[in-house]
Amino acid sequence: MNGIETIRAITENLSKALCATGITFSEGFADAKNVPASRIPCGGITYNGEAFEETIGARPSYAEAEFLVRVFL
């Protein structure tokens, strides 16, 4: 699994977990004022990037991915 496939899988898993609680994911709304009442609760998941950490010694290097999860209630 390469980087983009991993990010896609994480995003889908987050979406499925939140959908199980009744939150819908459709078109993105940047502001709660623009969300129609019929779409509430709704949410969006944004991938914000990643940081690669260098290591010293026997510990393997790793990357941290950052996501923003917005839920409008």
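Reader: How many helices and strands does the secondary structure of the protein come to?

Author: Happy to start there. In this predicted model, the count is 1 helix and 2 strands. Read from the N terminus on, the order of the elements is α-β-β.

Reader: And which share of the contacts joins residues 24 or more positions apart?

Author: Here one looks at contacts with a separation of 6 or more, and residues 24 or more positions apart account for 42% of them in the protein.

Reader: What percentage of the residues count as buried?

Author: The cut-off to keep in mind is that buried means under 20% relative accessible area. Of the 73 residues of the protein, 12% fall in that class. As for the surface, the protein exposes about 5500 Å², with 55% of it supplied by carbon and sulfur atoms.

Reader: Which residues is Ser 15 in contact with, leaving aside its neighbours within four places in sequence?

Author: Those partners are Phe 25 and Ile 45.

Reader: Now the other case: is Leu 73 buried or exposed?

Author: Exposed is the word for relative accessible area over 50%. Leu 73 has 81%, so it is exposed. You will find Leu 73 in the segment after β2, the strand of residues 62-72.

Notes: Residues numbered from 1 in each chain as written. Predicted model: local features only at pLDDT ≥ 70, side-chain atom pairs only at ≥ 80, totals over all residues. Heavy atoms only, no water. Helix = DSSP H or I, 4+ residues; strand = E, 2+ residues; numbered from the N terminus. Buried < 20%, exposed > 50% of the residue type's maximum accessible area, 1.4 Å probe, protein only. Contact = heavy atoms within 4.5 Å. Areas by Shrake-Rupley, 256 points an atom, 1.4 Å probe, with all protein chains shown as cover.
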